[in-house]
Amino acid sequence: MTFFGDTTQGSNFTVHPLRPGGANGSDPGAGGNPIAAERGLEYTVAFPAAGTYGYFCQAHEGMGMYGAVQVK
C-alpha cells in the first residue's frame with residue numbers, strides 16, 4: 001500500500017509523519033505494524049500478515065487524526 005502526501009497543500013511526511021497505532025498511543029492494532037512514514041511525498045509499506053493496522057498523524061494527534069488499514 002502507498003500513502004501519498006497532499007501536494008496541493010504542500011503536505012508531506014516530514015511535516016506530517018505517520019505513526020503506528022491510534023492517537024495518544026491507543027489501539028496499537030495488529031502486531032508488527034510497519035507504518036512509520038517520516039519523510040518524502042509518498043510512503044509504500046508491505047504488511048506482514050492479515051489484520052487491522054492503525055496509524056495517526058503525529059502533527060495532528062491532538063485533533064484525533066487517525067485511520068486504519070484492514071488487510072485480508
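Mentor: By class, the lining of the largest pocket has nine nonpolar residues, six polar ones and one charged one, where Ala, Val, Leu, Ile, Met, Phe, Trp, Tyr, Cys and Pro count as nonpolar, Asp, Glu, Lys and Arg as charged, and the others, Gly among them, as polar. This is a predicted model, in which local features need pLDDT of at least 70 and side-chain atom pairs count only at pLDDT 80 or more, while totals for chains, interfaces and linings use all residues. Residues are numbered from 1 along each chain as its sequence is written, and side-chain values use heavy atoms, with hydrogens and water left out.

Trainee: Which residues lie nearest the centre of the largest pocket?

Mentor: A pocket is an open set of points on a 1 Å grid over the protein atoms alone, where a 1.4 Å probe fits, with protein on both sides within 12 Å along at least five of seven lines, and lining residues have an atom within 4 Å of a point. Here 16 residues line the largest pocket, and Phe13, His16, Leu18, Cys57 and Met65 lie nearest its centre. Two or more lining residues come from each of β1 (2-4), β4 (51-57) and β5 (66-71), strands being DSSP runs (E, at least two residues) numbered from the N terminus. The largest share, three residues, comes from β4.

Trainee: How do strands of a sheet pair?

Mentor: They pair through backbone hydrogen bonds, either parallel or antiparallel. In this model, an open sheet of three strands has the order β2-β4-β5 with antiparallel pairing, where a pair needs at least two DSSP bridges. The edge strands, β2 (18-20) and β5, each pair on one side only. Three bridges join β2 and β4 in the antiparallel sense, and Pro20 stands opposite Tyr55 in β4.

Terms used: Helices (H or I, at least four residues) and strands (E, at least two) are DSSP runs, numbered from the N terminus.
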